[in-house]
Amino acid sequence: KPGEQKHPKEPPSLQCMHLAVVACGDRLEETLIMLKSAVLFSSRRLCFHIFAEDSLKPEFETKLKEWPSSYTKKFESNIYPITFSVGNAQEWKKLFKPCAAQRLFLPVILKDVDSLLYVDTDVLFLRPIDDIWHLLREFNSTQLAAMAPEHEIPKIGWYSRFARHPYYGSTGVNSGVMLMNLTRIRSTRFKNSLIPGGLTWEEMLYPLYQKYKNYITWGDQDLLNIIFYFNPECLYVFPCQWNYRPDHCMYGSNCRGAEEEGVSILHGNRGVYHDDKQPTFKALYEVIRDFPFEDNLFQSLYYPLQSRFLDTVHTLCGRIPQVFLKQIEKTMKKVYENRVIVYLGANHRY
């Protein structure tokens, strides 16, 4: 039809949904629970790209092999050492949290990967990765990455109140969930505050860090904000339910998308899975952690969640349990229906 946008056929590299994470220090369990949530709900095959300290590699390999075959056949995993292609490796490693800056180098290291979803270790998927992966098709011709705003309300957002460097939009963006078209990133020359002609992604990283290192607080996230401040046309901004953090409910509910559709991706930053400051977040983490892979999703995951949430209704985030439950209930119904259809189809006799 005239004016209708055409989507090209997906190349082979997109047939596998690529998921990247960087794990250092004590983040082994968190990372495994994140990967577990991805495998539990997603439909298409997953390719895990795990960047980890050498000491963690054998533990990752052992733990992933322990998962039942019905789940291990849904993914393949690659484990990489922590490496930085430009600049001082020790400087990069100490930037903000151990190894966090590794995410900046994904377009350089994963040269054969077309597109990728990067997440922090403290992320939980409450719906299939397939759904956020489809957002790649919504990128216009200049967009090459997608992130959610750091805050919904500028007057109480961190960047709008305290940042001493350029940042994207009115509140900045949060890099804990980042969808990237790596092919476009590798082929783009980015505007910057260093030279007028533009620089490639790899050329830009270390000089940009050197220029702003005395002004940045949140490390690599601040560098990404600086990059997209100068190149706003390159960023697709997705709504807050795709990166739902304690900030969205601890000051009163301020993520309308989550209220309407439910949380799609939970981001338990501030260490909330491991203390008692946000029991709603902790409950979700622990129930997914303790869920036996082969058990019934409703009986061993959804109902325990409902029960745990009853104990959190006195908290600001716990007052809105439907925000946390809506999407996960919908997802589990879909998973259950798919399994029933597959089972019936395999056993049907004419």
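Is tryptophan 201 counted as buried or exposed at 5% relative accessibility? The close-up views below take up this residue and others in a predicted model, in which local features need pLDDT of at least 70, side-chain atom pairs count only at pLDDT 80 or more, and totals for chains, interfaces and linings use all residues. Residues are numbered from 1 along each chain as its sequence is written, and side-chain values use heavy atoms, with hydrogens and water left out.

**View 1. Tryptophan 201 in helix H9.** Tryptophan 201 counts as buried, at 5% relative accessibility, where buried means under 20% relative accessible area, exposed over 50%, and partly exposed in between (1.4 Å probe, protein chains only). Leaving aside neighbours within four places in sequence, tryptophan 201 is in contact with Leu104, Pro107, Ile185, Thr188, Phe190, Leu224 and Ile227, contact being heavy atoms within 4.5 Å. The C-alpha atom of tryptophan 201 is separated by 6.5 Å from that of arginine 186, although the two residues are 15 apart along the chain.

**View 2. Asparagine 192 in the loop between helix H8 (182–187) and helix H9 (201–212).** Helices are DSSP runs (H or I, at least four residues), numbered, together with strands (E, at least two), from the N terminus. Asparagine 192 is buried, with a relative accessible area of 13%. A polar atom of the asparagine 192 side chain lies 2.7 Å from the backbone nitrogen of leucine 194, and the side chain also reaches the backbone nitrogen of isoleucine 195 at 2.9 Å. Apart from neighbours within four places in sequence, asparagine 192 is in contact with Gly198, Leu199, Met204 and Phe230.

**View 3. Helix H12 (residues 279–290) with helix H13 (residues 297–310).** The axes of H12 and H13, which are lines fitted to C-alpha atoms over the stretch in contact, come within 10 Å and cross at roughly 155 degrees, with angles running from 0 to 180 degrees between N-to-C directions. H12 and H13 are therefore roughly antiparallel to each other, given that angles under 35 degrees count as roughly parallel, over 145 as roughly antiparallel, 65 to 115 as roughly perpendicular and the rest as oblique. Thr280, Lys282, Ala283, Leu284, Glu286, Val287 and Ile288 in H12 meet Leu301, Pro304, Leu305, Arg308 and Phe309 in H13.

**View 4. Helix H1 (residues 28–41) packed with H12.** The axes of H1 and H12 are 10 Å apart, and the packing angle is about 75 degrees, which makes H1 roughly perpendicular to H12. On the H1 side the contact is made by Glu29, Glu30, Ile33, Lys36, Ser37 and Leu40, and on the H12 side by Tyr285, Ile288, Arg289 and Asp290.

Key
A polar contact is a pair of N or O atoms within 3.5 Å; within protein, one must be able to donate a hydrogen and the other to accept it, and residues adjacent in sequence count only if both atoms are side-chain atoms.
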